[in-house]
Amino acid sequence: MSPPRSAPGTRRLAALAGVLAAGVTLGVSSLAAAVVQPASAPLVAVGDAFIDVTPGWLKDAAIAVFDVHDKTALVVGMVLVLTVLAAGAGVIALRNHTLGTVGVVLLGTVGAVSAASRADAGQLAVVPSLAGTAAGVVALRALVDRLDPAPRPARDGAPDVTGPTAPDRRSFLNAAMVVTALAALSAAAGSVGARVTQAAGAARELLRLPAPARPAAAVPAGAQSPAVGVVDVVTPNDDFYRIDTALVVPQVDPSTWTLRVHGLVEREVTMTFAELLAADLVETYVTLACVSNPVGGDLVGNARWLGLPIREVLARAVPLPGADMVLSTSVDGFTASTPLAALTDDRDALLAVGMNGEPLPLAHGFPVRMVVPGLYGYVSATKWVTDLEVTRFADQEAYWTVRGWSAEGPIKTSSRIEVPRHRASVPAGAVTVGGTAWAQHTGITGVEVQVDEGEWQPVALAAEISVDTWRQWSWSWDAEPGSHTLRVRATDATGEAQTGDRQSMIPDGATGWHEVTVQVSA
Ligand SMILES: Nc1nc2c(c(=O)[nH]1)N[C@H]1C(S)=C(S)[C@@H](COP(=O)(O)O)O[C@H]1N2
Ligand SMILES: [Mo]
């Protein structure tokens, strides 16, 4: 026996029913997630799980194509895939209600499993997916029933209807409008609810940071390159690049935040946020850089950080002989492996609470993150940090090391040309060239520029804030008409010149000289 054939167009409506049911599922689950935990919403949980299984090369490819919009791209991709699958479930439901329901439940299960497997999963992590799935099943059933009013086949298996059935279109459209409204309302309530139930944003607004016991020296006059178009030498918080594995920003309430220091230590230390603020805080400029930054890229930024030197916290715990690494863990399970030496020597490795005079922005790690001069972010700059385990490189591997990146990540000497931009057109004559170079915790002492295959020429260095920050430069080029390639390289304070060997970001950071091609008109 075969089920009744659908009237023309009915299948398209069934596909629409599937998509609307998915909409209700997402809306209701986001509303439940606002109460339970925003990151337990199925789309977020699946996206985060996807990020966690993403190999390094794919992450780099995503960053190369989408830059810091890689997360938006992922969400758009997931919504497209979900739309196709949901439409399919709708069409299947038209022929077989049970099978359609199974499809929706399977999709919901993927969300529930992803939410439950998060590092920060609460006991209710599956609730949003389950609630959403239940709503989706009911909605799909209600919609598809209206497309298929024909009597079901009789018990003996003889179909009662042989020709195309006439679905009740008006009834379907009314139901579709109700379902759409429910999806929109629950999604809106979820996004408002998440803001209300999440205390971190409000706590940040109310927080007044203490004055530093040791303030940062003023930025010297002349630290900003005179070349117009070179980035701000201190990056405003809103322009600071953001890279992390969290699809929704973790919400950490400072009143319940604690830092636990344990592992190979003489005594375990636990610190509250109030205790951290009451300590002698220092303020210092440090340039952060991402290991995924391509040559000439912009995944690098410079800020004034306020925080407690990590060596003081470690001194209270007293690391045991044999320890050579600190594994820091964030509230959402990200980990970084930092050489113990970089956290105990005299550099300003901080448990940072302030960024450019403000509490850390939520996306940059509120209430507390690590900042370590000289090391790429993936091995040092743990945001939303809550745990420091003193351990050994031989015993523990961090998040990105498991995925093929080096266990240690000292920042490589880099330089870039910011003006003129690649493929810019400029008039012949004096053209100001400018950019930025960095070799954190060593310092930049020279930058040179080469035009086409000519001699390398030293440029004018802007004033240095400190060896822990980037250093800008400028150079006046007597440009002749035609197409020209400009190339830049830096020398660090040990006298070592930046290598011209081209290497990709994996496993420990890109190398090679940045170049731009410029059209000079007569
Ligand atoms: N919790 C957490 N901290 C993290 C990451 C992360 O994925 N999760 N990414 C690291 C990486 S790879 C970099 S480059 C820096 C970026 O810090 P920013 O987003 O403040 O620029 O954060 C580091 N800290
Ligand atoms: Mo990074």
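**Exercise 1.** Is R204 buried or exposed?

*Solution.* The structure is a predicted model, in which local features need pLDDT of at least 70 and side-chain atom pairs count only at pLDDT 80 or more, while totals for chains, interfaces and linings use all residues. Residues are numbered from 1 along each chain as its sequence is written, chains are lettered from A and ligands numbered from 1 in the order in which they are written, and side-chain values use heavy atoms, with hydrogens and water left out.

Step 1. The cut-offs are as follows: buried stands for under 20% relative accessible area, exposed for over 50%, and partly exposed for values in between (1.4 Å probe, protein chains only).
Step 2. R204 has a relative accessibility of 15%, so R204 counts as buried.

**Exercise 2.** Determine which parts of the chain are tied together by the salt bridge of R304 and E283.

*Solution.* Step 1. The two side chains meet at 2.7 Å, N to O.
Step 1. Because R304 lies in strand β4 (residues 300-309) and E283 in strand β3 (residues 282-289), the pair ties together parts that are 21 residues apart in sequence.
Step 2. R304, at 24% relative accessible area, is partly exposed, whereas E283, at 13%, is buried.

**Exercise 3.** Classify both partners of the salt bridge between R416 and E418.

*Solution.* Step 1. Their side chains meet at 2.8 Å, N to O.
Step 1. R416 has a relative accessible area of 5% and is buried; E418, with 7%, is buried.

**Exercise 4.** How many salt bridges does a search of the whole structure find?

*Solution.* Step 1. The search finds 17 salt bridges.
Step 1. A network of salt bridges links K71, R242, D244 and K383.

**Exercise 5.** Describe the surroundings of T485.

*Solution.* Step 1. T485 is part of strand β18 (residues 482-492) and is buried, at 16% relative accessible area.
Step 1. Leaving aside residues up to four places away in sequence, T485 touches Q450, V451, D452, E515, V516 and T517, where contact means heavy atoms within 4.5 Å.

Conventions: Helices (H or I, at least four residues) and strands (E, at least two) are DSSP runs, numbered from the N terminus. A salt bridge is a side-chain nitrogen of Lys or Arg within 4 Å of a carboxyl oxygen of Asp or Glu.
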